[in-house]
Amino acid sequence: MSIITQDMRFRQSLMKYAEKHGVSKASRKYNKARSYIYFWKARWDGSVESLAAQSKRPHHHPAEHTEAELKLIRDMRRRNPKLGLIELWHRMKKRGYTRRPESLYRVMKRLGLLPEKKEKPKRIVKPYEQMTHPGERVQIDVKVVPRACLANPEQKLYQYTAIDEFTRLRFLYGYEEQSTYSSADFAKRCVKWFKRRGIMIECIQTDNGFEFTNRFSRNLTDRKTMFELTLEKLGIRHKLIRPYTPRHNGKVERSHREDHNKFYSCHRFYSCADLNAQLAERLSRTNNLPMRPLGWLSPIEFLHEHCPR
């Protein structure tokens with residue numbers, strides 16, 4: 001036994017005292033009944049391991065499976081190794097088995113008769129493509145403003161977010177609708193905002209939402225959205241991530257989680273203009289906040305230090 005508990009140490013001390021001074025004195029000193037001392041004295045062989053508490057679990061149960069039932073389970077499983085649990089139980093029921101499927105499952109699990117679970121193939125993660133300069137790729141996504149933050153519960157507001165993968169510099173803007181028109185307008189504002197800071201956007205990466213692309217539309221697959229047409233006019237390449245794989249847009253997704261926990265949890269908005277006013281303060285704060293991936297520099301500091309104009 002590798003673990004010696006405090007109770008075992010207490011019993012060992014009690015046994016040694018009782019052996020030296022007698023059971024009556026030990027009973028008075030340790031405030032334990034004589035029957036308790038005699039019980040452990042009968043078990044004690046001089047080692048502390050013999051004073052460990054043993055399991056009180058019964059070895060048998062009045063309603064446990066009989067040998068005939070266990071033999072039936074083993075025989076049926078041997079003849080039908082690939083049969084499902086319910087179907088196996090149904091066939092056994094025709095042969096006189098009266099237990100519930102839950103009991104059959106527990107017994108088969110104890111006997112090791114359940115099929116082994118196949119190990120899921122490990123997902124091979126494609127190495128992340130590190131960006132080499134600002135504007136090489138910008139991630140864009142939309143976050144729905146929580147309804148609890150809105151003064152008017154019938155109103156809907158949306159936060160558009162763009163983040164440069166190299167500098168982690170963010171741009172935020174709020175809209176009253178999540179549409180390709182809003183996305184196109186945000187793309188224009190985003191390009192102007194980054195350009196004022198000396199960053200020329202080369203590629204924009206988004207998910208496959210209808211506000212960005214008609215890739216999964218039933219009838220408009222060949223028709224480009226206003227957002228895609230705007231990017232073409234601006235000379236920016238549009239990259240779509242793999243469907244249902246938000247981790248490919250991980251930087252903007254993580255920033256949305258931080259916004260949800262640290263911004264939307266303690267702010268309230270009365271209109272879209274009010275949202276944009278508060279988002280401007282949030283934007284200034286996050287762009288001046290030190291980040292570990294940037295060597296504990298803020299995105300603004302990293303931009304000035306590594307990418308001087």
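**Exercise 1. Is Tyr244 buried or exposed, and where does it sit?**

Tyr244 counts as exposed because its relative accessibility is 85% (exposed means over 50% relative accessible area, buried under 20%, partly exposed in between, with a 1.4 Å probe and protein chains only). Before going on, note that this is a predicted model, where local features need pLDDT of at least 70, side-chain atom pairs count only at pLDDT 80 or more, and totals for chains, interfaces and linings use all residues. Residues are numbered from 1 along each chain as its sequence is written, and side-chain values use heavy atoms, leaving out hydrogens and water.

Next, find the place: Tyr244 is in the loop between strand E5 (237-240) and helix H9 (250-262). Helices (H or I, at least four residues) and strands (E, at least two) are DSSP runs, numbered from the N terminus. Last, check the backbone: Tyr244 isn't a glycine, yet its phi is positive, about 55°.

**Exercise 2. In which helix is Lys188, and how accessible is Lys188?**

Start with the place: Lys188 belongs to helix H7. Then take the accessibility: at 43% relative accessibility, Lys188 counts as partly exposed.
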